[in-house]
Structures are given as C-alpha cells and as structure tokens.
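Thanks for asking me to look this one over. Here are my notes, with the sequence and model first so that you can follow along.

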Amino acid sequence: MSKPFAILRVKKLKSRHDILMMQKHWLRSQPTENVNAKLTRFNKMLLKNTTPLEIYDDTINSKNIKIRKNAVHALELVLAFSPEFIKVGNSYLPDAKEKLHWWKENTTKWVQQQFGDKCQVGMMHLDEQSPHCHFFIIPTEQRKRKSGNVVWTLNARGITGGKAKLVALQDSYAEAMQKYLKRGIKGSKAKHTTLKNFYSIVNHTNNIVIDELKNEKLKYKNIPEWSDRAIKLINESNENEVLAEITKVKNRNLMIENKKLTLENKKLSELLHRFQQKFKGVTKSVINKFNL
C-alpha cells in the first residue's frame, strides 16, 4: 500500500499586518471558515506559549533590525499530511491518535533542527477537517558592513530564495517523515499551490473532487475509484495531473456515448433491413414514391 504524502507549504509575510492576520487565524480571534468550534479548545501552542507578534516585536527591537521597504518580515510554514494517514473515508484508523502524536513530535523536532531560534512559536490546529501545524519563522541573519560593523538583518531568500532551496526543504521534511509519509513527485510541472488553495485542498478535498464531477456532469461508474486517485493527486499538489485525470474521465465518458450511438445506429440499420425485406416485392416506383 502506498504511503500518504507529507505536505509542506511556505507563505511570505510582507508586513506586520500580515503577521497580525496570521496570528488572528491561529488563535481563532476572527471568524474562520470550516472550523468546528467545539474542537477549538484542543488546538495547541507549540514551542513557546506566546504570540507571533510578541516574538516579532521583541526580535526586531532587541536586534535593532532596520527593515527594508520591500523586505519579507517573516515566513509562515504550514505542515500537514494527506488524510489517509489517519483516516479511511470518514473513519479514523485504530492507531490514529498514536500516529498523530508521532507526526506532531517529529514535525516539531524537524522545525527546531532546521530553523533553530529563528522559529520560536507554532500552533497545531485540530478543529479543522485535517490536523496541521503552523510555524512562525523570522529570517534573521548577521551581516558585516563595509565599515566592519556586524548588524542583524532579515533575509527570507536565505531560506526560500530559488527553486533549489524550496526543493531541499521539501526533501528534508520528507526524509524526517519517511517512517509513515512520503514526498510528492519531484520535478512536477504543476504550479506551486498558494496557501489559500492549500487550505481548500486540506479541508475540502473530497468536496472539490465531487463538485468537479458534478460541474462536468460526468456519469462514470468508477467515480469513487477515480475520486480516490484525484484526492491523492490534489494532496500532492499536482494539479496538472488532476486535470489529466479529469480529461481521462471525460474521454471515457465520450467513448461510452460513442458506443451508445454505435449501438443505436446498429439497431436502426437492422430495423431498416427488416423494413426493406418486408417490402422486397414492392415495385421500385412505389418505393421511390415514399422516398424509401
């Protein structure tokens, strides 16, 4: 049986306001779609019991960081897994609790090893359809000026700048999760999924697939089987492959329609043949009169 996927996404936070909005989402201090309010109390702060804004303000002030106008102030890392890691359909696996604990502990450990004191706070959300973790990263680094002075600056490109660094980040996380999870397909031509789309994928995978089928008015007897395949592809963020799967179903549907038309044509041909046999003895002039 194929392993579920390890999922990693990064969002750039380009202002203090972006950080504030992220924090409100974390703490559920503003209306959030697709949240089960009865489960919100089970959400957990990770690492330090503080807020991203407090850490951000303290870091900027204590390190005396001068922020450039176009600087990326921080990064939000979102880590998750495809649903089949702990579920079969809507039912949890018997060892779901143990797996979830293992994933949370090892994900947090990987983040600490990867980013050190650049990441001091995180949040685990358990009140949405799929559990996931957020981590707040301030990309600080020291630089030596021409004057010889050493100063603290922000350098998000040092973490996410260029495809190679993002690929290395994906590889590293997948390696840390390899006991239960696997990495998505390397070199996929699919475009990077935005964080907004990522939330939709995590929380509404099944609905997305079914809605897509309804919109296309597909009538395909193996829809559940295809849906499972599409869900895995969506979780892997290979949108192009999902579209390919949809195209396959469309083509299969066209083949079915063509077979129906062929069958109807065959029946009409047989009917015409019987009709011609019935009137075999009628003169040609009578047949022409009725345009037969």
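The points below cover confidence, the sheet and a few single residues.

1. A word on ground rules. This is a predicted model, in which local features need pLDDT of at least 70 and side-chain atom pairs count only at pLDDT 80 or more, while totals for chains, interfaces and linings use all residues. Residues are numbered from 1 along each chain as its sequence is written, and side-chain values use heavy atoms, with hydrogens and water left out.

2. Confidence. The mean pLDDT (the predictor's confidence in each residue, from 0 to 100) is 81 for the protein, and 72% of its residues reach 70 or more.

3. Five strands form an open sheet in the order β1-β3-β7-β6-β2, with antiparallel pairing (two strands pair if DSSP finds at least two bridges between them). β1 (6–13) and β2 (44–47) stand at the edges with a single partner strand each, so one side of each has no neighbour in the sheet. Ignoring direction, neighbouring strands are turned by 20° against each other on average.

4. Inside the sheet. Strand β3 (residues 74–81) runs antiparallel to β7, and five bridges join them. If you want a landmark, Glu-76 has Phe-136 in β7 as its bridge partner. Helix α3 (residues 96–115) packs on the sheet and touches β1, β2, β3, β6 (119–125) and β7. The direction of α3 makes about 150° with that of β3 (axes are lines fitted to C-alpha atoms, for helices over the stretch in contact, and angles run from 0 to 180 degrees between N-to-C directions).

5. Two positive phi values. Most residues other than glycine have a negative phi. Arg-28, in the loop between α1 (16–27) and β2, has a positive phi of about 60°. Asn-64, in the loop between α2 (52–62) and β3, has a positive phi near 55°. Are these residues buried or exposed (under 20% relative accessible area is buried, over 50% exposed, in between partly exposed; 1.4 Å probe, protein chains only)? Arg-28 is buried at 15%, whereas Asn-64 is exposed at 52%.

6. One more loop residue. Asn-155 sits between β9 (150–154) and α4 (157–160) and is buried, at 18% relative accessible area. Neighbours within four places in sequence aside, Asn-155 is in contact with Pro-139, Glu-141 and Arg-143.

Conventions:
Helix = DSSP H or I, 4+ residues; strand = E, 2+ residues; numbered from the N terminus. Contact = heavy atoms within 4.5 Å.
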